[in-house]
Amino acid sequence: MGLTCKYNSLLFLIFLAFASKYSHGRSSSSHQCLNDQAASLLQLQKDVLSRNSSTVTFDDNSSMKVAKWDNETDCCSWDGVTCDHSGYVVGLNLSYSSLAGDIDAIFNLHHLQHLNLAGNNFQLTPIPSGFERLSNLTHLNLSFSCFSDQVPAGISSLVRLESLDLSTVFFCELPPTFNDPDYNRIFAIEEKHRLRLEKPNLESFVRNLSALTELNLDYVDLSAQGSSWSRALSVLPNLKFLSLSNCKLSGPIHTSFQNLKSLNTLKLNSNNLSSEVPHFLVNFRDLRVLNLASNQLYGNFSPNVFLLPRLEAIDVSRNPSLSGKLPEFPLKSSLKLVSLYETSFRGKLPDSIGNLESVTNLLLYTCNFSGLIPPSFANLTSATEVDMSYNSIEGSIPSFRSSSLPKLQDLRLSFNRLTGSIDPHIFTLPSLKVLYLNDNRLSGELGEFSSSSSVLEKVYLNGNNLSGGIPTSMSEITSLTYLSLASNRFTGYMKLEAFKHLSNLTSLDLSFNSLNIKNDDPNLMFPSLDELKLSRCNLTEFPTFLKNQEQLRTLNLSNNEIQGHVPDWLWTSYLNELDLSDNEVDFPKESSQVNTTFSLSLGILAMRSCSVFKFPKFLQLLDGLWYLDLSGNKIKGQVPNWIWKSTLQYVILSHNNLESMEEFLPNVSLTSLTTLDLRSNLLQGSLPTGICNMSSLSILDASQNNLSGLIPECLGLMSNLTVLNLQGNKYRQIPTEFALASSLKSLNINNNLLEGKLPRSLENCKMLEVLDLGKNMITDVFPFWLEKLPNLRVLVLRNNNLHGQIQLPRRNFSLPKLGIIDLSSNQFTGDLPGEFLSSLDEMLMNNEIKSANLKTIGQYEYYQDSVTIMSKGYEMVLVRILTIFVSLDLSNNRFHGKIPSEIGNLKSLVVLNLSRNGFDGRIPPSLGDLVELESLDLSTNKLSGVIPQQLTSLTFLSFFNVSNNNLTGLIPKGYQFNTYTNDSYLGNAGLCGEPLSRSCSQPTGSALQPPSQGDDSRNESLFDWRFAGSGYASGIVAGLALGYAFLPDFQYHEGRLQLKKKIRRRGRSST
């Protein structure tokens, strides 16, 4: 919000500089106001004052100018009135004058040339008719006055008009008759009555306005296609200022628009142009302001636009598909604002970036920039705000001295790949108030600096590798309001008293370091502290100074070594958020729980993995509670109905010993509940029927319980349900109707007792990504109707009674996004058609392309989906389902015939299991093309011939099993084949050579050389199966998924990447 305000302010100043304005003040004319002119003004005064009681103004600085008009004085001297030498009113400036109601008297002032009614509040009344009577008007400004509906045609007849401003706002203050607590209804009313050009449309409206030099229609509904609106405006040859922000325009821009070469300001932001940026913009040599933000633009943006000689502000932000590179900037560049955030701009920052000596705002965050920060960065002497967060910028932060960046107030470089130490001079830049360096790879100790020279207010250094002690000077910056040093490697003992001088401190986060935090002074006081996070700080008790922090609203003491009951004084505080997870603590004793002094403001309560044995009675008092997490405790018995509140949105009760749920109270509405997590309990019987009334329910996970009977039919009719996970229960029948489940993305009813056929109504779930119905008793043929689910990525139907041949119903059949298919342990028969394999588009895709768009399936705000697969003879839980993980398991069926050669086209396969079938013939050499393959199981078939030498090129193949076939000949050597044991080849009487003890009569071939280690990324497995297996007997988790699983939510993006790399290195060295 702050960045947007700064940006809007800058554009407004530039607008003022280049939009010609008429100054209306008191007339200096000696000529007396004519009687008819005074009469019209007095009538206007009367009409306005009669409505003044109901007027609502936008601006506190508004003044009722008309109320000061005095009939005893010359009207040409009245505030806002300008007369010519003949006594006619030619200028009327009533901007921000608290006007409302009837203004028709203005239309009697036929000599008016300048009329300004901006900044009033006409409360969604139409612009009055009568402007055609003001034929001398050259400047008309009705902006920000809450006019509504159709713009009157009379304005289009003002052929002398040079400047027209009808811009409005998206939110108007309505009269009391419109008062409604539902803001959605208010917005709907305002959208319905939005100012618009419909009859006449834009083309008809501007046809006769050829004298226009300035046109501002921001937020006027034009609803026009690019070929119409841009062509219509091309007939205005004198146009210099054009602003059409948020006008419901679409693209592309017509080529005739290039006729407007006199433009100095072009603002088309917040529309839906959905096209490439026209190349002719480079010919707009007078352009000073260009704003194309939020338009769904795509393609390459010409770097020459940045080099337009007079350009001062350019904003193409919030166009994610728009790419481009920054040019080399010339000396003395005129640019003041460069806003490219949330685009796909890429490449290195040019060395000449320091030539932007006039730039005040440089906003390059959430792009694809890489490389180093050029040393010339220190030459941005006019810069006040620089944000290059969320890129791939590397190297160290340039050193700064007091003369560097003298005006810089806000510097954000977070979520990059910056390394090296932090020069302490950065903390003393003369104007710097906001510093974000979090989530990089910065290391080393923080040096001391002169805290008295610092004006910093916000410092975020979390998510790095900073070490040593926290410097004393950091705790002495008296202007500090926010300080986050979390997730580093800071060490040592530290007393909270060290921060006692920070009287303005609002937020302090020291979590996830190796600090030992102490509090010896019970009277310690932070008068402004609103948020305190001390997670994993080796606390052994509750800091007693918290008793005095009445203004504290957020407290996180999770992952410490605190034991016993939570003290009463903590519950009687004014906290909104409290997280005590991963401590051996319990709620206060029953006798002291329910009392009138308990805090009623608590909205978030997290006590995950504590020592809670039962639901505390004081939950009845928390009428504002919206997030409750009591997972991983020791709560037994029934879930009482009194814990449920109408405010609840997230309830997480998983991993307890709950046996049943009491029916919900009839007077408690749970329509706000979006997430209900009941997994891994001992729940029996049925879920409460009240679940059917949870109209906002998005995630329901009741997996790994003992629920039985019929799954409630209503679950298939919930339009907001996104995840339904009921695996590991005893349900016998799946809902038959999913017609309304339009939001469902994940359906998991694995390991139940389901019978019958797959419900065909699932084809209505167009958003479905994960379908897991494995380990049931479903009897059906292969569901080819799944092709109607365009987003399906995971299909698990193993261990059912599916049967028949897999014969495609027609040509051009496709399952475009399926990346995980498990049809194992069914009764499929016949040949495996090559056409079926060719229909799996996701598996055909090269993994290098997929890696560029690596995504996690089923990742939600407080929930992560998972799927169970079989690989390498083990059951594996993919805790996070990555799109780069591709698996095909057809094992333990009755397939026969040859393995189709088309299988070699599935380039992105990581796991392939065709074991325990009746395949015969030779192993296809095309399997050697599966360069990403890590697990290949062809065991227990009737395969014959030799093992193809091409398989030795699979350098990721850590698991290989061809046992129990009819293979013959020499076992290949080299690469991964040097690591396999006898178990991979048993049951093949004709095989010989190492590792078998049976030697071959022919000479042993020379061993292949190991692959080059030059490209580390190509020779490391992305999934570390061995690492995943350590410490697990019955369930093995994929290495990368495990890396994600055990990272707390507090960890940051770069931390995950580092862990992933470590896993991959270990996996490589162990093979």
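## Helix H2 and what covers it

In helix H2, the residues Gln37, Ala38, Ser40, Leu41, Leu44, Gln45, Asp47 and Val48 are buried, where buried means under 20% relative accessible area with a 1.4 Å probe, protein chains only. This is a predicted model, so local features need pLDDT of at least 70, side-chain atom pairs count only at pLDDT 80 or more, and totals for chains, interfaces and linings use all residues. Residues are numbered from 1 along each chain as its sequence is written, and side-chain values use heavy atoms, with hydrogens and water left out.

H2 runs over residues 35–51, so 17 residues, and spans 25 Å from its first C-alpha to its last, close to the 24 Å expected at 1.5 Å a residue; the expected span is 1.5 Å times one less than the number of residues. Strand S1 (81–83) and strand S2 (89–93) are among the things covering the buried residues of H2. Helices (H or I, at least four residues) and strands (E, at least two) are DSSP runs, numbered from the N terminus.

## The nonpolar cores

A nonpolar core is a set of buried Ala, Val, Leu, Ile, Met, Phe, Trp, Tyr and Cys residues joined through side-chain atoms within 4.5 Å. The largest one here has 270 residues, and those with the most contacts inside it are Leu92, Phe131, Trp229, Leu233, Phe257, Met607 and Trp644. H2 gives the most to this core, with 4 residues. There's also a second, separate core of 13 residues, which includes Val770, Val796, Val867 and Leu878.

Now back to Met607: leaving aside its neighbours within four places in sequence, Met607 is in contact with residues including Val566, Trp571, Leu580, Phe587 and Leu630. Contact means heavy atoms within 4.5 Å.

## Asn355 in its loop

Asn355 sits in the loop between strand S16 (343–348) and strand S17 (361–363). Asn355 is buried, with a relative accessible area of 16%. A polar atom of its side chain lies 2.7 Å from the backbone oxygen of Phe329. Setting aside neighbours within four places in sequence, Asn355 touches Phe329, Pro330, Leu331, Lys332 and Ser333.

## The chain as a whole

The protein chain has 12 helices and 69 strands. Of its 1071 residues, 56% are buried. Looking at contacts with a separation of 6 or more, 56% are between residues 24 or more positions apart.

Note on methods
Buried < 20%, exposed > 50% of the residue type's maximum accessible area, 1.4 Å probe, protein only. Polar contact = N/O pair within 3.5 Å; in protein donor to acceptor, adjacent residues only side chain to side chain.
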